[in-house]
Amino acid sequence: MSSRTETLEFQAETRQLLQLMVHSIYSHKDVFLRELVSNASDALDKLRLESLVDKDLVADTADLHIEIETDPAARTLTVRDNGIGMSREDVVSLIGTIARSGTAELLRKLKESREAAAQDLIGQFGVGFYSTFMVADKVSLLTRRAGQAEGTRWESTGEGTYVVETVTDAPQGTSVTVHLKPADSEDNLADYTDHGKIREIVKRYSDFIAWPIRLVTADAERATLNSMKALWARPRDEVAEEEYRDFYRHVSHDWADPLETIHMRGEGVFEYEALLFIPTHAPFDLYLADGRRGVQLYVKRVFVMDDCAALMPNYLRFVKGVVDAHDLSLNISREILQQDRQIQIVRRRLVRKVLATVKEMRAEHPERYRTFWSEFGRVLKEGLLEDPDNQQAILDVVSVASTHDPAEQTTLHEYVERMKDGQEEIYYATGETRTALENSPHMEAFRAKGYEVLLLTDPVDEVWVERVAQFDGRPLRSIAKGQVDLDTAQEREEAETQREQQTKEYAALLGFLGGALSDSVKEVRLSSRLTTSPACLVGDAHDITPTLEKMYRAMGQEVPKVLRILELNPTHPLVTGLRAAHERGGDSDALTETAELLYGMALLAEGGDLADPARFARLLADRLARTL
C-alpha cells in the first residue's frame, strides 16, 4: 500500500470559486456549518443503504451519528461522521474538481449576486464544501471509506493547491476540521467555537436531520443538538395534536394554535412530504409588498430556504409549514426553483390540497371557516386573478355578503340555489360599504322585485368579478351597468303602452339634459331600475367602474375618463316637474342648474365624488333659498 503525499492544483474553476469564498463579503456565513452537517448526513444515509445492499461490506453501523467539536484555544471546529467515507480517488475527484456543468454560470452569479441571493447560490452544483473557506484560514479533512483499510488526509488554505496523503490510522467516515479566522462582527464572522452559536445554527438548519448531531463538550460529554423529529416524515396517526401545535409555533413564531393542519405525502417519480398550517389570524405583513411567505423548503430533512415563493402562490402567502423534497439539489437557487418542473408539480398539488381543505372546512366546520374567511378571504380572492387554473376551486369557497341575510354571508352555490324562476344572471353591486350599497338607487328595482344581490366591498372585488364573468354557467351582472329589465313577459306586455307614452313625453327633456350635461354624461335616458330615487348613474355593460378607475389612477396608471349614463325615474315628482318646466319654456339657465343638481345628487347617492363640491353647494343653497 502506498503512503504517498502529493501537492495538487485545483481545477481552474475551483480556484476561482475558492477565491470568492476566501475573500467572501457575504453575511450568511453560518451556512458553512449547514453544508458540513448535510454532507455528513448524506454520508450516513449512503452507508446505511450500502450496508443493506452489500451484505459483505465490513462497516460499523451500530451508532451512526454526527459530532461537532470545538477547540477555542486552537480556533478549530471539527465536524465528523462515521458514514460511508471516501477513497483517495473520491477525495481528488469530489473536492479537487467541480465535476459539474454550469460552473462558469455559477461563478458569474456568485460574483453578481446580492446578499439575499448569495445564500441560495453557495453550495450549488455540489460545491457546498467550499463554503468553509468563508470562515477558515485552512481546512483539513481525514476520511476512510467503509470496507477499505487505508484512509486519506486532505488539506488546503484555499490558495490554489491542496495536499493529499494516504494514511493508515483513519477511522471509518469523514472528519472535517476548519481552522477558523478570528471573529469579526463587522464582517459578520461569528465565533464558531462558541457552543451557543453552534446550537443556534444546528437548530435553524439541521434540527430535523434523522441522525443525532452531538456536541462534544470539554468534559467529553456528548449533548444531542437536534430533535430528529421530522413530523412530516411520520404517518399522521402517529403524531399527536400537541406535537403539531408545537411544530407550528416553531415554524411560524405564532402564539396561537393553527386553524387547520395539512399533512400530505407525494410518492412516485418525485417524492416529497409536506406539513402545512392555516393560521388562526392574519400576520401583520399580509398586505405589505415585502411581506414574507410562510413555507420553508427542506431537502431530505435539511433546511434549504425560508419564504419559498416557488412552492406557494402569492394569494396563499399566509400558509405556514415545510415541504421536504427528496430529489432536489440541496442548494438549488430560488431562480432555478421557479423553473423546475417537479417543483411546479408539487406546487399545483399543494394549492389543490389547501383549497380542498378550505372547502372541507366550510362544509364540516363552519365556525372555523368563518374565522378563516374573515382573516384571509380578501387575499384568497386575489387568486381569482392570479390563478386561472384554480379559479373554479376558489369560487367554490368564496363567501360574500348579500341582501338575502343582513348577518350571514353566502356562497355562490347558495345564491344560485335561491335564484328566482326565470332568473338567468347573478346580480352584484360593488362599493365601499354594505350600507352604501343597500341604500344605492341601483338597488331599488331589485329590492322591489325580490331579487337577491351580492354586496361586494373589498377592493379586489372590483377586478375579479370582471375577470371571472360567470359562475355555474350564469353570467355575473353588475346592477349598475347596462339596461335593467326585471319584469316578466306579462308585465312587459302590460306596461308597453305606458313606456311608449313616456318615451314620447320625455324625448325633448332627455335631449335638453343630454346637451346640458354633455361634459359629464354620454347619454340621458329613462330608467327601469328606479322606484323611489329621481336619478342614478349607470355604466355601459363593458365600462370600467368609477371605483376601478379611481384605483388605477391611485396606482399611477392613466386611464381615459369614462362618461356614464344618467337614468331618470319618469314617475318621480322632481323629474315630472322638470319635464313640465321644460315644456313651459322656463328659464334655460335655471333648468341647466337643476340638471347639474340632479346629476350631482345621483353621483352622491352612489358614494361618488363631486368634481366641484363648492359649486354644487352654492346651487343647492340658492335653490333652497327660493323655496322659503
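In which sense do strand β15 and strand β16 pair, and over how many bridges? The two strands, β15 at residues 399–402 and β16 at residues 405–411, pair in the antiparallel sense over three bridges. Together β15 and β16 form a hairpin, with two residues between them. Within this pair, V400 stands opposite T410 in β16.

This is a predicted model. The chain has a mean pLDDT of 87, and 93% of its residues reach 70 or more. Over residues 99–103, pLDDT stays under 50, and the model has six contacts for them beyond four places in sequence. Residues 114–126 also have pLDDT below 50, and this stretch has 41 contacts in the model beyond near neighbours in sequence.

Another open sheet has five strands in the order β10-β11-β14-β12-β13, and its pairing is mixed. Strands β10 (260–266) and β13 (302–305) stand at the edges with a single partner strand each, so one side of each is left without a neighbour in the sheet. On average, neighbouring strands of this sheet are turned by 20° against each other, direction ignored. Inside the order, strand β12 (residues 294–299) and strand β14 (residues 320–325) run parallel and are joined by six bridges. Q296 stands opposite V322 in β14.

| Strand pair | Sense | Bridges | Facing residues |
|---|---|---|---|
| β15 and β16 | antiparallel | three | V400 and T410 |
| β12 and β14 | parallel | six | Q296 and V322 |

**Helix α9 against helix α10**

Helix α9 spans residues 341–364 and helix α10 spans residues 366–380; their axes come within 8 Å and cross at roughly 140°. That angle makes α9 oblique to α10. The crossing of α9 and α10 is left-handed. On the α9 side, the residues that meet α10 are L355, V358, M361, R362 and E364, and on the α10 side they are P366, R368, Y369, F372 and L380. By class, this contact of α9 with α10 has seven nonpolar and three charged residues, with no polar ones.

**Helix α17 against helix α20**

What is the crossing angle of the axes of helix α17 and helix α20? The axes of α17 (residues 489–516) and α20 (residues 588–605) cross at roughly 80° and come within 10 Å. The two helices are therefore roughly perpendicular to each other. From α17, F512, L513 and A516 make the contact, and from α20, S588, L591, T592 and A595 do. The residues of this contact of α17 with α20 divide into five nonpolar and two polar, with no charged residue.

How values were computed:
Residues are numbered from 1 along each chain as its sequence is written. This is a predicted model: local features need pLDDT of at least 70, side-chain atom pairs count only at pLDDT 80 or more; totals for chains, interfaces and linings use all residues. Side-chain values use heavy atoms; hydrogens and water are left out. Axes are lines fitted to C-alpha atoms, for helices over the stretch in contact, and angles run from 0 to 180 degrees between N-to-C directions. Helices (H or I, at least four residues) and strands (E, at least two) are DSSP runs, numbered from the N terminus. Angles under 35 degrees count as roughly parallel, over 145 as roughly antiparallel, 65 to 115 as roughly perpendicular and the rest as oblique. A crossing is left-handed if the near helix is turned anticlockwise from the far one by less than a right angle, and right-handed if clockwise. Contact means heavy atoms within 4.5 Å. Ala, Val, Leu, Ile, Met, Phe, Trp, Tyr, Cys and Pro count as nonpolar, Asp, Glu, Lys and Arg as charged, and the others, Gly among them, as polar. Two strands pair if DSSP finds at least two bridges between them. pLDDT is the predictor's confidence in each residue, from 0 to 100.
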